[in-house]
Amino acid sequence: MKTSFKIASMFMALTLTCACEKEYIYVSDDLKWADALKQLDWGEGTTYVVGHKTPDTDAVCSAVGYAALMKALGYNCEARVAGEANRETKYLQKRLGIEIPQVLSALSPNDRLIMTDHCEYIQAVSGAENAVLLQIIDHHQLGNVTSSGQLFYRSAPVGATSTLVFTAYRDFGVQIPDAIAKTLLAGILSDTNNRTKQFTQVDSIAYNALATQLGIADETEDIYKGMVEASCSYDGMTDEEIYHSDDKEYEIASVYLGIGSLEWYDASTFVPFLERILDAMKKIRGEKGMKMIFCKVDLSSDPPYTPPTVVRKEPVSYIIYDGEGAKEIMENAYGLSVGKAWVNCGRKLSRKTDLVPVITDALKQMAN
């Protein structure tokens with residue numbers, strides 16, 4: 001299907017950067033971005049706003065927040081999730097009262113769709129490639145999504161898609177209700193690891209505005225502590241469930257693969273844990289027909305939560321791999337294997353900004 005994107009908003013954030021003075025200038029007062037939405041093929045039924053499969057907190061929160069914004073602008077939109085919410089998100093449901101939408105198992109060809117926090121069909125709810133795609137709200141690399149109609153695309157290199165949703169409320173001139181403010185704040189806390197990972201100035205503006213509106217700036221450390229403790233608990237989970245607690249599927253250079261992301265805090269049991277996850281990955285790769293599969297496991301000597309006043313040691317990422325060509329890719333990037341099928345990367349990596357680009361470059365070179 002030929003791509004025909006009408007990009008109504010690219011890097012349409014709350015602020016713009018003045019490169020010479022490094023200042024941030026609010027520019028949205030005279031922009032009527034909401035008028036561009038009227039050009040989309042909304043149809044007569046419900047438009048579903050959905051994050052990626054194996055949803056993390058930002059995927060859930062960005063979908064909920066953006067669906068509420070579209071409703072406020074007069075469009076029949078409802079948030080859904082493309083799978084069961086994880087333990088961190090369920091904790092936030094109890095702690096902050098954030099909404100976890102119903103699971104949407106599949107879309108029909110006539111359904112309207114807005115994607116949040118992803119732009120890859122392989123990560124999307126089943127049937128997305130045949131649905132009528134109206135919008136993408138995302139902070140990842142450009143994926144393989146195509147559309148034969150006009151598309152509203154909102155993207156920027158920020159820490160959380162929930163930050164982009166915050167900027168959309170400002171640009172569209174809609175007041176953020178407290179319930180949605182809690183939701184977006186939760187998404188930002190989660191995807192920026194409590195303002196420590198890719199926390200841009202735009203993320204900071206969003207975080208401060210939301211925390212101030214809610215009057216909970218002094219509570220966010222305790223909220224995040226609970227988030228970490230919930231997300232790091234693997235009690236009662238099978239090894240396959242542990243891998244799937246934070247994994248994404250990709251199709252890169254015609255290669256179908258998976259990449260998981262986990263954490264471990266006990267060096268004495270680390271190798272047995274890697275062996276267990278490796279066995280689970282082999283099973284998952286076989287069941288799904290993947291050519292290769294990877295999992296980033298961050299080993300930390302600190303407990304799951306360390307107060308911000310304590311100097312903590314930076315975790316080190318290990319990459320487990322399985323499948324034809326996976327060993328060569330990892331060893332070329334990070335050195336010889338130090339175990340059965342894993343490498344020690346020597347530092348903490350990001351799946352989005354480190355691992356995916358490394359694998360993408362390697363597979364493109366193999367394809368040539």
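Which strands does helix α11 (residues 351-367) lie across? Here are my notes, with that one taken up in point 3.

1. What we're looking at. This is a predicted model, so go by the cut-offs: local features need pLDDT of at least 70, side-chain atom pairs count only at pLDDT 80 or more, and totals for chains, interfaces and linings use all residues. Residues are numbered from 1 along each chain as its sequence is written, and side-chain values use heavy atoms, with hydrogens and water left out.

2. The sheet. Five strands make an open sheet in the order β8-β9-β10-β11-β12, and the pairing is mixed. β8 (247-252) and β12 (342-344) sit at the edges with a single partner strand each, so one side of each has no neighbour in the sheet. Ignoring direction, neighbouring strands are turned by 20° against each other on average. As for terms, strands (E, at least two residues) and helices (H or I, at least four) are DSSP runs, numbered from the N terminus, and two strands pair if DSSP finds at least two bridges between them. β8 and β9 (residues 255-264) run antiparallel and are joined by six bridges; K248, for one, has I259 in β9 as its bridge partner.

3. Helices on the sheet. α11 lies across β8, β9, β10 and β11, running at about 150° to β9. Helix α10 (residues 326-334) lies across β10 (292-299), β11 (316-323) and β12, at about 155° to β11. Contact here means heavy atoms within 4.5 Å. The angles run from 0 to 180 degrees between N-to-C directions, with axes fitted to C-alpha atoms, for helices over the stretch in contact.

4. Helix α2. Worth a look: 13 of the 16 residues of α2 are buried, so the rest of the structure largely encloses this helix. (Buried is under 20% relative accessible area, exposed over 50%, partly exposed in between, with a 1.4 Å probe and protein chains only.) The length checks out too: at 1.5 Å a residue, α2 (residues 57-72) should span 22 Å, and its end C-alpha atoms are 23 Å apart. That expected span is 1.5 Å times one less than the number of residues. G74 follows α2 and has a positive phi, near 100°.

5. The cores. A nonpolar core is a set of buried Ala, Val, Leu, Ile, Met, Phe, Trp, Tyr and Cys residues joined through side-chain atoms within 4.5 Å. The largest one has 57 residues, of which W42, Y66, M70, I114 and F172 touch the most other members. α2 gives the most to this core, with eight residues. A second, separate core of 43 residues includes M281, Y321, Y334 and V356. Back to W42: leaving aside residues up to four places away in sequence, its contacts include M70, Y75 and I114.

6. Aromatic pairs. Rings of Phe, Tyr and Trp (its six-membered ring) pair if their centres lie within 6.5 Å; planes under 30 degrees apart are stacked, over 60 edge-to-face, and the rest tilted. That rule gives seven aromatic pairs. F152 and F172 are a tilted one, 6.3 Å centre to centre with 45° between the planes, and both residues are buried. F270 and Y318 are edge-to-face, at 4.9 Å and 70°. This pair links helix α9 (residues 270-288) to strand β11, with its members 48 residues apart. F270 counts as buried because its relative accessibility is 4%, and Y318 is buried at 15%. Finally, Y234, W264 and F273 form one aromatic cluster.
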